[in-house]
Amino acid sequence: MAKETQPVINKKGNIVEISDGLVRQKENIILRDVNLEVKPGEFVYLIGRVGSGKSSLLKTFYGDLPFTDGYGFVVGYSLKMLKNRQLPYLRRKMGIVFQDFQLLTDRNVYDNLQFVLKATGWKNQTDMDHQIRDVLSKVDMVHKGYKMPHQLSGGEQQRIGIARSLLNKPDLILADEPTGNLDPDTSDDLLELLHHICKEESKTVIMATHNYGLIKKFPGRTIRCENTRLVESAQEEIDFDQLIE
Ligand SMILES: Nc1ncnc2c1ncn2[C@@H]1O[C@H](COP(=O)(O)OP(=O)(O)OP(=O)(O)O)[C@@H](O)[C@H]1O
């Protein structure tokens with residue numbers, strides 16, 4: 001796959017910028033008047049009640065939902081002008097982490113990672129070996145490459161999910177409820193890892209979560225989806241109890 005060389009930030013220095021945007025699921029408007037600016041290296045939490053639009057917003061960022069109104073810029077791409085053929089390039093610049101890990105169950109960790117590399121155009125075996133080792137070491141799983149997904153704990157599977165998200169050296173990580181299937185201690189470890197990757201690897205992270213305990217433990221910029229709008233306020237002003245479903 002050819003390299004795309006346009007800068008991942010826009011003229012205002014944002015890696016993500018939406019102004020006057022709409023987020024839709026078919027004919028339904030999920031979020032309106034969406035205004036959001038994210039600088040490289042930020043860690044942003046996206047919160048809100050069930051069905052408030054967190055996943056829809058993330059899907060809009062990775063081109064899974066069309067962006068039809070307003071200005072939308074993500075990692076160098078205009079969301080409005082996005083062509084189908086550009087989707088693989090956009091998605092190479094971002095890593096996506098899902099709640100349910102989404103590992104291929106019929107192959108081991110190494111082959112899961114190699115599958116993604118091959119699908120995104122990597123050919124040289126030595127380069128692939130090196131890259132797989134590198135991402136596994138970032139999540140402290142370098143000796144688990146031979147394991148099948150079912151031989152790993154939930155926390156370990158999510159570490160592999162994060163390793164997979166790092167394979168193409170993305171600038172942005174989108175994590176949709178990444179701790180949703182993990183127990184509290186494992187969730188803490190995972191958040192520590194994501195914050196570490198944000199800081200040490202200079203990645204931008206946008207994470208949707210219901211786990212407000214985690215936000216209190218690992219503070220960060222917090223944006224709410226509320227009544228079809230995005231609302232931002234200082235963390236100490238958020239009444240998390242109001243948000244519990
Ligand atoms: N594939 C779809 N087709 C039509 N409507 C959808 C689809 N997926 C989600 N929706 C609707 O869009 C709205 C927002 O859903 P979304 O999944 O973005 O919310 P969420 O905040 O991520 O919720 P949760 O916390 O449960 O993950 C909901 O009303 C939902 O029913």
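## Confidence, ligand shell and a helix pair

The protein chain has a mean pLDDT (the predictor's confidence in each residue, from 0 to 100) of 93, and 97% of its residues reach 70 or more. For the complex, the predictor gives an ipTM of 0.96 and a pTM of 0.94. The model is predicted: local features need pLDDT of at least 70, side-chain atom pairs count only at pLDDT 80 or more, and totals for chains, interfaces and linings use all residues. Residue numbers start from 1 along each chain as its sequence is written.

The ligand is surrounded by 13 residues, counted where the C-beta atom, placed from the backbone, lies within 6 Å of it. The closest are Q25, G51, K54, S55 and S56. Two or more residues of the shell come from each of β2 (28-38) and α1 (54-61); helices (H or I, at least four residues) and strands (E, at least two) are DSSP runs, numbered from the N terminus. The largest contribution is that of α1, with 3 residues.

Helix α5 (residues 154-166) and helix α6 (residues 184-200) have axes that come within 10 Å and cross at roughly 20 degrees; axes are lines fitted to C-alpha atoms, for helices over the stretch in contact, and angles run from 0 to 180 degrees between N-to-C directions. The two helices are therefore roughly parallel (angles under 35 degrees). In their contact (C-beta atoms, placed from the backbone, within 7 Å), α5 contributes G154, G155, Q158, R159 and I162, and α6 contributes T186, D189, L190 and L193.

Key:
Parallel < 35°, antiparallel > 145°, perpendicular 65-115°, else oblique. Contact = placed C-beta atoms within 7 Å.
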